[in-house]
Amino acid sequence: MYQFCTITTVSHLYKVYALADSIANQQRDFTLHVLVIDDNRPFEFKQCRFYSLADISGQYHAAEIIEKYNNNKDRLRWSLKPVMMKYLLSGVETDRLIYLDNDLFFFSDYEFLFELLLDHSFLLTPHYYKNDPNKNQNWLEANFRIGLYNAGFVGANKAAIKTLQWWADCCLYRCEKNSFRGMFDDQKYLDIIPIIEDTACIVRHKGCNVAGWNTELCRREIVDHRVLIDGKYDIVFIHFNENTIREIVDGSDHILFNYYRAYVETLKRYKTDLKKKEIYFEKRLSDSLKLGLWKILTRLEV
């Protein structure tokens, strides 16, 4: 069985349910472990197992992190990632685990990621920010300011428990955006993982963590009615955060329009007022862009 985990607030459970649906669409046996940080009700959803803060409070650094960041739900969620992962990996049921932000959505098979965890203790996905020192240098600097790897996806096996403890130590020390100190919440610490974790793996499949920030280094191309990254990678999962959605809506990443439409339709199963997003699309898209999108969509099979 494939084991995933995520951390959420009640207000964003609809995204968790959509994420679970996307995982289930790959026709594999899995469990999505869900830590809800602001409610202890016994939630239920297919192939999900729910936890409250009380369930993990006795884990390594959990109580200290909860006390320190209890008034900031974002920092609390981010800082509890390594705690939750260590908690699950320390049990007998889980030997390989992938953490996912709840705004990720799968479009093709993920088995190879778990196969990587047979030989590698830690998985990281690069942001693939632009890195040209001659133009748009703010993106080059973002690599150093925000981090080389995205913390919305992290994989680990039991051999990485000590590294997860180290990451929890870091998050307890400081979880903040502070360029002067070289920090970006829980994420910037990941830059050190390949140095301290001998068998860490940087996932080179560019169909993983497709997002608005990697449109240039992960080129979207239409090949035989399919969207491929750099002409060879199927899209495995997309990170639908605000940046990604904005790039699609503004037309900068319009080839992903069908994928976003599929994502929204899934979200609407669990949050009916998402029609506002469709209205947002209609208002923002120009007539010429709509025509271009129509031509593209008639060539694609998503």
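Tutor: Start with a term. A crossing is left-handed if the near helix is turned anticlockwise from the far one by less than a right angle, and right-handed if clockwise. Now apply the term. Helix α5 passes α8 in a left-handed crossing.

The mean pLDDT of the protein chain is 91. Of its residues, 91% reach 70 or more. One stretch calls for care: over residues 293-302, pLDDT stays under 50. The model has 20 contacts beyond four places in sequence for that stretch. Where pLDDT is low, the predicted coordinates should not be read in detail.

Back to α8, which covers residues 161-173. Take its packing with α5, residues 81-89. The two axes lie 8 Å apart, at an angle of about 155 degrees. An angle over 145 degrees counts as roughly antiparallel, so α5 is roughly antiparallel to α8. Who makes the contact? From α5 come Lys81, Pro82, Val83, Met85, Lys86 and Leu89. From α8 come Ile161, Leu164, Gln165, Trp167, Ala168 and Cys171. By class, the contact of α5 with α8 has nine nonpolar residues, one polar and two charged.

Helix α8 also packs with α3, residues 62-69. Here the axes are 10 Å apart and the angle is about 25 degrees. That angle makes α3 roughly parallel to α8. The crossing of α3 and α8 is left-handed. On the α3 side, the contact uses Glu64, Ile65, Lys68 and Tyr69. On the α8 side are Ala168, Cys171, Leu172 and Tyr173. The contact of α3 with α8 has six nonpolar residues, no polar ones and two charged.

Helix α1 (residues 13-24) and α11 cross at roughly 120 degrees, and their axes come within 9 Å. That makes α1 oblique to α11. This crossing of α1 and α11 is right-handed. Tyr14, Lys15, Ala18 and Asp21 of α1 touch Tyr263, Thr266 and Leu267 of α11. These residues divide into four nonpolar, one polar and two charged.

Finish with aromatic rings. The count comes to 23 aromatic pairs. Take Phe45 and Tyr270: their ring centres are 5.5 Å apart and their planes stand at 80 degrees, so the pair is edge-to-face. Where do these two sit in the chain? Phe45 is in the loop between β2 (30-36) and β3 (48-51). Tyr270 is in the loop between α11 (257-267) and α12 (275-284). They are 225 residues apart, and the pair links distant parts of the chain.

Methods:
Residues are numbered from 1 along each chain as its sequence is written. This is a predicted model: local features need pLDDT of at least 70, side-chain atom pairs count only at pLDDT 80 or more; totals for chains, interfaces and linings use all residues. Side-chain values use heavy atoms; hydrogens and water are left out. Axes are lines fitted to C-alpha atoms, for helices over the stretch in contact, and angles run from 0 to 180 degrees between N-to-C directions. Helices (H or I, at least four residues) and strands (E, at least two) are DSSP runs, numbered from the N terminus. Angles under 35 degrees count as roughly parallel, over 145 as roughly antiparallel, 65 to 115 as roughly perpendicular and the rest as oblique. Contact means heavy atoms within 4.5 Å. Ala, Val, Leu, Ile, Met, Phe, Trp, Tyr, Cys and Pro count as nonpolar, Asp, Glu, Lys and Arg as charged, and the others, Gly among them, as polar. pLDDT is the predictor's confidence in each residue, from 0 to 100. Rings of Phe, Tyr and Trp (its six-membered ring) pair if their centres lie within 6.5 Å; planes under 30 degrees apart count as stacked, over 60 as edge-to-face and the rest as tilted.
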